[in-house]
Amino acid sequence: MENQYEPNKIEKKWQKFWEKEKIDKAEDFSKRPKFYCLDMFPYPSGAGLHVGHPKGYTATDIVSRYKRMNGSNVLHPIGWDAFGLPAENYAIKTKVHPDESTHKNIKHFKEQIESFGFSYDWSREIDTSSPAYYKWTQWFFLFLYKHGLAYKAKAPVNWCFKCQTVLANEQAQNGKCDRCGSEVGQKELEQWFFKITNFSEELLSGLDKIDWPEPIKIMQRNWIGKSEGWQIGFKIQDSRFKIDVFTTRIDTIFGCTYLVVAPEHEIIQNLKNRILNIKEVEEYVEQAKKKTNLERQADTKNKTGVKLEGITAINPANEKEIPIFVADYVLFAYGTGAIMAVPAQDQRDFDFAKKYNLPVIKAPNSMEMAEQGIAKKKINYKLRDWLVSRQRYWGAPIPIVYCEKCGEQPVPEKDLPVLLPTDVDFMPTGESPLVKSKDFHNVKCPKCGGTARRESDTMDTFVCSSWYFFRYLDSHNKKEFTNKELIDYWCPVDLYVGGAEHAVLHLLYARFFVRALFKYGLIGFDEPFLKLRNVGLILAEGGVKMSKSKGNVINPDDIIKEYGADTLRVYEMFMGPFDQAIAWDTKSLGGAHKFLKKIYELKSKAKDSTLNTQTRSQNLEKLLSKTIKKVGEDIEAMKFNTAISALMILLNEMEKEKEIPKEIFAKFLLILAPFAPHLAEEIWQSQAQLEEKSSHIESIFLQDWPKYDKHLTEDKRINLIVQINGKARGAIEVIRDVSEQEALDLAKADAKINKWLEHKRIEKVIFIQNKLINFVIA
């Protein structure tokens, strides 16, 4: 039937039309203002999309379509975060090579994403597991290596025993692997690190100039963990060694009665021969190595430690000898790996002192010793260098070779990419599968030409995603990671949308990469994402998280098949505030479908204006102007739910009419289009074809966003709140911009307000034009 809304018939049709017309293609170096709108790209898991994924994609699509209709040259690309543990673990589970399973998953993901009608520029599609992409990931490694920002060192690292690989600190928060959720342990291994700590202050201060949610900024500030304080050297009695301590409370040093060092502190090995109970100490150190940093700091009441018998330190403030303990609650990676304990000032120190019968001295706080030069000012950061080595197969190989004669050597840029070998078993064993490849290690030293062996570890997948937003600009470039002129034109990203879970992972790493590029003159900006907005989770009905084990995952394919993509788009944007977690409600989904169905049926009322409908059309014109203004402002503010609410209000008013002027209905379609693109295009084309008698009509998305009449958006009469002593007691209707005296007289004349003023003395009147009038009475 012609007047029957059948999304399954129209949506594929318009998706093909948009693809053919290339209306979503960005134009490099256009004179129109550029707008780079970016989603956090998905990793193609075997499960495919669930209804939570498209919430963010729909939002950026609405913004992109709106910006294009307002004259912007929009870059809205998409690609695949294809390397890493999720893809590899799926391959292990299915016993299918990750290259095969990943690209099968990408095909499925792409089909699902295309079914929503998102306006991505697919010509710029990227795949991080492609050699054409990871060639430049390896280039970035060499860039950092060249500038001393990539190095190899032996260090205690986080180890996931289930995934059989190293994890960065950011991937082992709360002592759990962020991929599989299992407990994380500690190992001491030779690993590759990126020197993100070189940019601690810049990463911290840069947060002040970007438009990001404050909770994300707070998480990054806390992770970077800047502390301004003092460093003090405590000499070891009868020794050339000393123990450096960092403190923010130098004034409490007179109350310091003992020192505590981390189990990894070098003083234990340096003075091993003098420590009388060295066996006991070494046993304690070995036990500490088995714990994660979180476990070492978790139990605040039952701190353990061992006194280093035979050595003491000198408190430089009062020259008194104090004992030294080793305790696992002190972390070597933070500060100096040693603390001065002031039990009279700190509860943890007090509990430890009581447990080991140590003195508690209530000494006056004083800055005198700092003035005497026994301490020097210092700034400390909690941030640690980024550990990027992984003992897994599915990742970009690290472009380093080892020569017996020349040692560690970077692979020349002309020899990139270092290809991932195929002659290996990718099942995890605790060492990189690349170790056992014969072809992979058949390599010559780039310096002397002698026999060499490649680095066997692969890179953390977050290295791939730390620069991917550059590759979209020039995804087919074989000579450089991206053309500099294109970077200058498109970057930085104007709007970035994704989950808050990446606060101290991807978002911090991407900022580090941009800071490094900026420092060495490759780009002219120092922050990658000017504006960031987070997507609130979509929970299962009942408010619990969706999971396969609970059987409550909702597949968007099923929803689109039954209701259409436009319904799902509108529903997810109407559920509630975009950044908040909201539970799925199937009944409300039906409401969104009903809304679109009403619009489709309303098209038959669109007629040429007549005298009989002129008065009503003026009322509709006024409401339309208000709606155009609100929808535009709400899209800019990403308040999609209230924008849709405004569209619904306008629809309800139009439904009351026997006829609707075509001009009004056309403008309504234009502001509906970003939310329900297929339906809007279908009606736009069918209406235009009737008038122009042509089968080829320009897309609705090539039209300008409608203008509104500012005067029509302003109500001539408003409600003015009336307060008594700051509490709202009513409201009076007044003309806009009413004077204070007129408002005063009208309020006093109102019976409901007057009863609060009777027999009272008005001491003061506070008047805020067009907002409120407040009587302060005695």
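These legends go with an overview and several close-up views of one predicted protein model.

**Figure 1. Overview of the predicted model.** The protein has 26 helices and 31 strands. Both are DSSP runs, with at least four residues (H or I) for a helix and at least two (E) for a strand, numbered from the N terminus. The C-alpha trace spans about 105 × 85 × 50 Å along its principal axes. Of the 778 residues, 53% are buried (under 20% relative accessible area, with exposed over 50% and partly exposed in between; 1.4 Å probe, protein chains only). Residues are numbered from 1 along each chain as its sequence is written, and side-chain values use heavy atoms, without hydrogens or water. Because the model is predicted, local features need pLDDT of at least 70 and side-chain atom pairs count only at pLDDT 80 or more, while totals for chains, interfaces and linings use all residues.

**Figure 2. The largest nonpolar core.** This core holds 89 residues. A nonpolar core is a set of buried Ala, Val, Leu, Ile, Met, Phe, Trp, Tyr and Cys residues joined through side-chain atoms within 4.5 Å. Y36, F194, W386, F469 and F470 touch the most other members. A second, separate core has 88 residues, including W18, M546, F595 and A688.

**Figure 3. Surroundings of F470.** Neighbours within four places in sequence are left aside here. Contact means heavy atoms within 4.5 Å. F470 is in contact with F481, T482, I487, C491, V514, L517, I523 and F525.

Figure 4. D634 and K630 pair through their side chains, 3.0 Å from N to O. A salt bridge is a side-chain nitrogen of Lys or Arg within 4 Å of a carboxyl oxygen of Asp or Glu. Both residues lie in helix α20 (residues 614-636), 4 residues apart, about one turn of the helix. D634 is buried at 6% relative accessibility. K630 is partly exposed, at 35%.

**Figure 5. The R348 and D349 pair.** The two side chains meet in a salt bridge of 3.8 Å, N to O. R348 is partly exposed, with a relative accessible area of 33%. D349 is buried, at 3%.

**Figure 6. An exposed pair and a network.** E763 and R761 form a salt bridge, with their closest N and O atoms 2.7 Å apart. Both residues are exposed. Elsewhere, salt bridges that share partners join K209, R511, R515, D526 and E527 into one network. The whole structure contains 39 salt bridges.
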